[in-house]
Amino acid sequence: MRSLTAKVTGVLAVMLSCIGCSVFKEYERPEGVVPANLYGELPGGAVTVVSDSTGIEAIGWRDFFTDLALQALIELGLRNNADLQIAALRVVESEATLQSARLSFYPSFSISPSFQMQNSKNLGGSAVGFSIAPAASWELDLRGSLTNKKRYAEAALEQSKLLERSVRTELVSSIAQMYYTLVMLDAQKEISSSTFRNWQENVRIMRAMKDAGMANEASVTQTEANCSSIEASLYDLDKRIMTAENSLALLLGVPPGHFERGEFRGLELSGKFAAGVESVLLARRPDVMAAEQSLRMAYYDTNVARSAFYPSFRLSGEYGWEKALTSPAAWVLGLAANAAAPIFDAGRNRNNLKIAEARQQEALIAFRQSLLQAGNEVNSAIASCNLAESKKDIRIRQIESLNRAVESTRQLMSHSESTYLEVLTAQQSLLSARLQQVADHFEMVQGVISLYRALGGGGDY
């Protein structure tokens, strides 16, 4: 008997050791999942990569966006945005799920009172029976299924928090992008309005010159056509401004309307902006971190599927007051220990494990792809910033040259050495260059904001 007990104990010890090695191990990040040179080849310029934590991603959004009107809009959006509110509620759901998973380690208690009455000659008339016996049941987590379900819930909670932070990061950058889009459109409208007034004067001058015999009808109609084109562009700008304001209102969770905004100064790149090294994406970028939590969840889900191959153990008992039909009432106490091991399930456990392992591989691929996507976005944002900065001086020289060209053609025309159409052509080129200068500056601002978001900045409260 002792020999049999020792053998059973030994078998159980070996089995529990095997279970512990396979299903109780915690998640570890796979080696080699982070690609080398994640940012790729970067052009030199205003943005550099640093090896410490002084990159722009470490700057809070209130310090990064110093425009007071923009700060007020971001705060309004953080209070009202529907996507952010839904993300916060999903955190509450995940917290409740985790609490349920933790409570599964404790015994469950139930009570099922019963009553019966029977009228029989054998019982000498009516007989009454009843039972009031609370019962308890407790699953022993020897195969690790409850532990892995709890860890899965912990990863799900962490993922929901990261997704909420990701929504916040995206919201802050989207509001900033839309705000500076409106500021850019305002600046372009101001330039076009000023030019339109100048062209109205040009039309008046051309008509006077025609009346004096110094210009022909073709010159007048060409000037009028250019003036009408600029006037029409003002309405196009009004439409673009209205569309942008409506989009901003949707982000802010408010009805459409006009939003106060400052002048087009944007984010100046007077100093060198620094971006953190590739490892910062694993520490600050919430969508990348959430993708890793998906991999962590899949890992624990695989452990749950694997634990189904091992036996489950459950303790149960009841204690209460009971009376049978043919016996007097008495206190009852019952204790039981149950074990259930799979023998034949038509391959369900094996297929469930295959499914879980496949999903774990999918999550690993998705995690790696999220890193590549993040690195691609950082590369594009840095390139956009640096290339836009490179065009800055070129555009300034172009506008200076065009200003001189306008003045020169005016002077030549006063000496009858140039036609007024040359003056109009120079003015049209100057307008296009000034509008493009605003667009270039907006491209630089847009690149900085995109870089800030791509590195995980803007997720603070």
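## Salt bridges

Begin by selecting Lys 150 and Glu 154, whose side chains meet in a salt bridge with an N to O distance of 3.1 Å. A salt bridge here is a side-chain nitrogen of Lys or Arg within 4 Å of a carboxyl oxygen of Asp or Glu. Because Lys 150 and Glu 154 are four residues apart in helix H5, about one helical turn separates them. Helices (H or I, at least four residues) and strands (E, at least two) are DSSP runs, numbered from the N terminus. Glu 154 counts as partly exposed, at 23% relative accessibility. In this scheme buried means under 20% relative accessible area, exposed over 50%, and partly exposed in between (1.4 Å probe, protein chains only).

Two remarks on the source apply throughout. The model is predicted, so that local features need pLDDT of at least 70 and side-chain atom pairs count only at pLDDT 80 or more, while totals for chains, interfaces and linings use all residues. Residues are numbered from 1 along each chain as its sequence is written, and side-chain values use heavy atoms, with hydrogens and water left out.

Next, select Arg 306 and Glu 357, a salt bridge of 3.4 Å, N to O. Arg 306 lies in helix H8 (residues 286-307) and Glu 357 in helix H9, so this pair ties together parts that are 51 residues apart in sequence. Arg 306 is partly exposed at 22% relative accessibility, and Glu 357 is also partly exposed, at 34%.

Move on to Arg 395 and Asp 440, where the side chains form a salt bridge of 2.7 Å, N to O. This pair links distant parts of the chain, with Arg 395 in helix H9 and Asp 440 in helix H10, 45 residues apart. Both residues, Arg 395 and Asp 440, are buried. Then select Glu 170, Arg 285, Asp 287, Glu 377 and Arg 453 together: salt bridges that share partners join them into one network. Over the whole structure, a search finds 20 salt bridges. Side chains of opposite charge can pair when their charged atoms come close.

## The largest pocket

Which residues lie closest to the centre of the largest pocket? The volume of this pocket is about 360 Å³. Of its 15 lining residues, those closest to the centre are Phe 264, Arg 434, Gln 437, Val 438 and His 441. A pocket is found on a 1 Å grid over the protein atoms alone, as an open set of points where a 1.4 Å probe fits, with protein on both sides within 12 Å along at least five of seven lines; lining residues have an atom within 4 Å of a point.

To see where the lining comes from, colour helix H5 (145-211), helix H9 (348-414) and helix H10 (420-454), each of which supplies at least two residues. The largest share, six residues, comes from H10. By type, the lining divides into seven nonpolar, two polar and six charged residues.

## A nonpolar surface patch

Select Ile 111, Ile 132, Tyr 319, Trp 321, Trp 331, Leu 333 and Leu 335 and display the surface: these residues form a nonpolar patch with about 830 Å² of accessible area together. Strand S7 (312-323) and strand S8 (330-340) are the elements that give two or more residues to this patch, and S8 gives the largest share, three residues. A patch is made of residues with over 30% relative accessible area and no salt bridge, nonpolar side chains being joined within 5 Å.

Trp 331 is exposed, with a relative accessible area of 57%.

## Contacts across the sequence

Go to the loop between helix H4 (82-103) and strand S2 (108-110), where Tyr 106 is found. Tyr 106 is exposed at 56% relative accessibility. Its C-alpha lies 6.7 Å from that of Trp 138, although Tyr 106 and Trp 138 are 32 residues apart in sequence. Phe 105 is placed in this loop between H4 and S2 as well, and counts as partly exposed at 28%.

Is Leu 182 buried or exposed? Select this residue in helix H5: at 1% relative accessibility, Leu 182 counts as buried. Leu 182 and Arg 240 are 8.6 Å apart, C-alpha to C-alpha, and 58 residues apart in sequence.

Notes
Points joined across faces, edges and corners; volume = space filled by probe spheres on them. Nonpolar A, V, L, I, M, F, W, Y, C, P; charged D, E, K, R; others polar. Patch = residues over 30% accessible without salt bridge, like charges linked within 9 Å, V, L, I, M, F, W, Y side chains within 5 Å. Areas by Shrake-Rupley, 256 points an atom, 1.4 Å probe, with all protein chains shown as cover.
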